[in-house]
Amino acid sequence: MKQLRHFFDLVARTLFVLSSTPFRMKEFSRQLYFVANGSLPIVLFCVGFAAIVTILEASFHMKLVIQNDSMVPGFAALLILRELGPVVTALLLTSRVGAGFTAEVGLMKTTEQIDALRMLGIDPVQYLVVPRLIATIVGTFLLALLASMTCLLGAMFVTDIHLGYSPAMFLSSMRVFVDFQDLLLAGLKGAVFGAVIPLVSCHFGFLCEEGAEGVGKATTQSVVVSSVSIIVLDFILSYVFSYV
Amino acid sequence: MIEYRGLVKRFGAKTILNGLNLRIEEGEIVFVLGTSGTGKSVLLKNTVGLFRPDAGEIWIQGREVSKLSEHDYLEVRKVCGMVFQHPALFDSMTVYENVAFGLRRFEELSESEIADRVKESLARVHLKGIEDKKPPQISYGMQKRVSLARTVALNPRILLFDEPTTGLDPVTTRAVNHLIFELSRKMKTTSIVVSHDMECALEIADRIVLLDKGSIVTQGTPSEIKKSEIPLVRGFLEEVLA
């Protein structure tokens, strides 16, 4: 309960600071480079493979049940845009970026660097959380879209090689299933998940206890809570976009 | 100059400061000694508003500060410099940037004036030629001295030291202790030093305060403390005499 109150206090404080203090462009650029550029290869590599597995599994089971896999490209494209692209990207960023944020803020807390900031009249939320929040929202949004595009290319490639459907057939099947709203959902999910990662990570960093064990514990909690939050928010957003 | 009136600080069910009363006069060097967990560091962090007391008052330069907002506390922090138990230097910045950080924040100085102040502050702690290094590239003892330079660069009227020699070898410990004395006297600051080091306290303190379980057990000048028969004081003294 106390932790939940601390988290919502942090969210409220971040929103207040976000609207009332000047934007730190240099720190934002540094964080964006870390989040987006630093994560790009691993994200593209992983989502590429996720797309291939999706096509292979879908084709295998459709052939088994209905003896026809002609709808696989369309379904796969839909699944990639609405789920695979943004969710896999966010989960990868949780472990790569979120864990890093928690360890960094946690170490700053336990070595009294955050106290030193406050002594120098610097608000730690403004200094540490805000640039990370904006950079991760922008970074995850861009990565989610790029990952989705890479996924689609990977899926198109495997569909052509393994299932025998040409890229033109893939695209025409995709046009039947996918519309602009799906692309919008991919971007929106990326941005929402991008907000969750730094807020949860910094929250656990600020609560970090002394020593290697304290930092380890905070990092683990941060990754677990961020991942669970992303999955729950994914359900909520999918439900809202599909049924409301 | 600084006065604590009935100061109480609790963390959950645990009472750390238990109605502490203490007055520190201007220009005094006061050593606060005690075993671990007796509330020494908590006392310092309450002074600068990093913690807030659950009850009692803190008066600094004739002003009650314990209930000030975080924003208003900034004025208090400008006159109080604190050297933390850890060097607390910002790893992503060079030594120069660390020392200049507070100057850029609090004072309207040109870049050349900042450079002069940084150089002067590092010279005060007997450091030179390390401005371009990052904290992990210098020794722990040097990091402590850079931390001291960052604090004195702002010319505070009150200096608070939280176990400034913890983790240092005996030679560096002695050097840092002399630095505290030298800076306090040269800058005519009021200094509170939280420490376990009775030998150093006897050597440079104007007054020694002994804390136990959040309350003051005894206080006095070094010569008065030496004559004390209180078991806790004798425990600290025996270690020095040994």
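This is a predicted model: local features need pLDDT of at least 70, side-chain atom pairs count only at pLDDT 80 or more; totals for chains, interfaces and linings use all residues.
Is Gln61(B) buried, exposed or partly exposed?

**Stop 1**

Gln61(B) turns out to be partly exposed, because its relative accessible area is 42%, which falls between the 20% limit for buried and the 50% limit for exposed. You will find Gln61(B) in the loop that links strand E4 (55-60) to strand E5 (63-64) of chain B. Now check the backbone: phi of Gln61(B) is near 50 degrees, a positive value in a residue that is not glycine. For background, most residues other than glycine have a negative phi.

Met1(B) and Gln61(B) are 60 residues apart in sequence, yet their C-alpha atoms are 4.8 Å apart in space. Leaving aside residues up to four places away in sequence, Gln61(B) touches Met1(B), Val79(B) and Arg157(B).

**Stop 1: the four-stranded sheet**

E4(B) and E5(B) pair in the antiparallel sense over two bridges, and Ile60(B) has Arg63(B) in E5(B) as its bridge partner.

**Stop 2: the six-stranded sheet**

Now move on to another sheet in chain B. Six strands make up this open sheet, in the order E6-E7-E8-E3-E9-E10, and the pairing is mixed. The edges are strand E6 (80-83) and strand E10 (215-220) of chain B, each of which pairs on one side only. On average, neighbouring strands of this sheet are turned by 20 degrees against each other, direction ignored.

Select E3(B), residues 29-33. How many of the five residues of strand E3 of chain B are buried? Five of the five are, so E3(B) is largely enclosed by the rest of the structure. Both faces are covered: Ile29(B), Phe31(B) and Leu33(B) are buried on one side, and Val30(B) and Val32(B) on the other.

Here is what to look for on either side of E3(B):

- Strand E8 (residues 190-195) of chain B runs parallel to E3(B) and is joined to it by five bridges. Ile29(B) stands opposite Ser191(B) in E8(B).
- Strand E9 (residues 207-212) of chain B pairs with E3(B) in the parallel sense over four bridges. Val30(B) stands opposite Arg207(B) in E9(B), and Val32(B) stands opposite Val209(B) in E9(B).

**Stop 3: helices on the sheet**

H6(B) lies across E3, E7 and E8 of chain B, running at about 140 degrees to E3(B).

To see the contact itself, show the side chains of Ser121(B), Leu122(B) and Arg124(B) in H4(B), together with Val146(B), Ala149(B) and Val152(B) in H5(B).

**Stop 4: Ala88(B)**

Go to the loop between E6 and helix H3 (95-106) of chain B and pick Ala88(B). Although Ala88(B) is not a glycine, its phi is positive, about 55 degrees. Is Ala88(B) buried or exposed? Ala88(B) is buried, because its relative accessible area is 3%.

**Last stop: a helix in chain A**

Finish by switching to chain A and selecting helix H3 (residues 72-110). Look along H3(A) for a kink of about 50 degrees centred on Ile80(A). After H3(A) comes Glu112(A), where phi is positive, near 65 degrees.

Terms used: Residues are numbered from 1 along each chain as its sequence is written. Chains are lettered from A and ligands numbered from 1 in the order in which they are written. Side-chain values use heavy atoms; hydrogens and water are left out. Buried means under 20% relative accessible area, exposed over 50%, partly exposed in between (1.4 Å probe, protein chains only). Two strands pair if DSSP finds at least two bridges between them. The bend at a residue is the angle between axes fitted to the seven residues ending there and the seven starting there. Contact means heavy atoms within 4.5 Å. Axes are lines fitted to C-alpha atoms, for helices over the stretch in contact, and angles run from 0 to 180 degrees between N-to-C directions.
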